[in-house]
Amino acid sequence: MLALVAVILAGGAAFMMQQNRLAQFKRLAAEAEEKMEAREYADAVQILKRVYDEGHTARATLLLGKAYYEQSKPSEAIKYFAEVEKKHARSGYVSEAVMYQGRYALEVEGNRKKAKDIFVRVLEKFPESPMADHALYYLAKISYDEGDITQTKKNLEQVVRKSDSPVKD
């Protein structure tokens with residue numbers, strides 16, 4: 001009986017330690033987000049690398065990619081966006097990570113076809129996500145650059161119809 005109590009206490013202690021660790025990661029990620037809002041990306045990266053190295057949560061992984069992207073280090077950032085999609089596929093951060101992969105294909109690689117495929121995937125897999133409107137915006141941009149004004153209008157009209165679209169900001 002005493003052994004059972006010891007096992008239960010040990011399990012409870014381990015659970016509490018894990019909860020404390022997760023709470024610490026959450027606080028650090030929030031601190032990093034504040035740094036990013038202040039455009040202090042180097043400071044944000046330092047904080048996020050710590051979280052990443054100690055247990056890389058989906059949120060910290062996405063934020064690390066965003067911080068590198070904002071520092072004009074997209075080749076470093078893309079690794080983190082891909083990791084969010086692969087290792088944290090059930091998290092709420094995947095749509096944004098995929099969106100950044102599309103931006104990378106368009107803005108860094110100059111690969112419109114690949115970017116278009118990625119943005120369409122965002123629309124198909126995450127139609128209710130705010131990223132869907134961003135995907136429509138980038139698809140409109142690609143259509144415009146390709147001279148397809150009709151498709152450009154269709155994509156932009158879908159965004160404009162939504163009063164709460166994040167793309168309008």
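Helix axes are lines fitted to C-alpha atoms over the stretch in contact, and angles run from 0 to 180 degrees between N-to-C directions. The structure is a predicted model, in which local features need pLDDT of at least 70 and side-chain atom pairs count only at pLDDT 80 or more, whereas totals for chains, interfaces and linings use all residues. Residues are numbered from 1 along each chain as its sequence is written, and side-chain values use heavy atoms, with hydrogens and water left out.

The axes of α7 and helix α8 (residues 149-160) come within 8 Å and cross at roughly 160 degrees; helices are DSSP runs (H or I, at least four residues) numbered from the N terminus. The two helices α7 and α8 are therefore roughly antiparallel, a term for angles over 145 degrees. The crossing of α7 past α8 is left-handed, that is, the near helix is turned anticlockwise from the far one by less than a right angle. In contact (heavy atoms within 4.5 Å), Asp133, Leu136, Tyr137, Leu139, Ala140, Ser143 and Tyr144 of α7 meet Ile149, Gln151, Thr152, Asn155, Leu156, Gln158 and Val159 of α8. This contact comprises 8 nonpolar, 5 polar and 1 charged residues, where Ala, Val, Leu, Ile, Met, Phe, Trp, Tyr, Cys and Pro count as nonpolar, Asp, Glu, Lys and Arg as charged, and the others, Gly among them, as polar.

Helix α5 packs against α4 and α6. The axes of helix α4 (residues 74-87) and α5 come within 8 Å and cross at roughly 145 degrees, in a left-handed sense. Residues of α4 in this contact include Ile78, Phe81 and Val84, and those of α5 include Val98, Tyr100 and Tyr104. By class, 11 are nonpolar, 2 polar and 1 charged. With helix α6 (residues 112-125), α5 packs at an angle of about 165 degrees, the axes being 7 Å apart; α5 is thus roughly antiparallel to α6. The crossing of α5 past α6 is also left-handed. Among the residues in contact are Val98, Met99 and Arg103 of α5 and Ile118, Phe119 and Arg121 of α6. The α5–α6 contact has 8 nonpolar, 3 polar and 4 charged residues.

The largest pocket has a volume of about 440 Å³. A pocket is an open set of points on a 1 Å grid over the protein atoms alone, where a 1.4 Å probe fits, with protein on both sides within 12 Å along at least five of seven lines; lining residues have an atom within 4 Å of a point. Grid points are joined across faces, edges and corners, and the volume is the space filled by probe spheres set on the points. Of the 17 lining residues, Lys66, Glu70, Glu96, Tyr100 and Arg103 are the closest to the centre of the largest pocket. Two or more lining residues come from each of α1 (2-37), α3 (58-70), α5 (94-108) and α7 (130-145). The lining holds 10 nonpolar, 1 polar and 6 charged residues.

Note on methods:
Angles under 35 degrees count as roughly parallel, over 145 as roughly antiparallel, 65 to 115 as roughly perpendicular and the rest as oblique.
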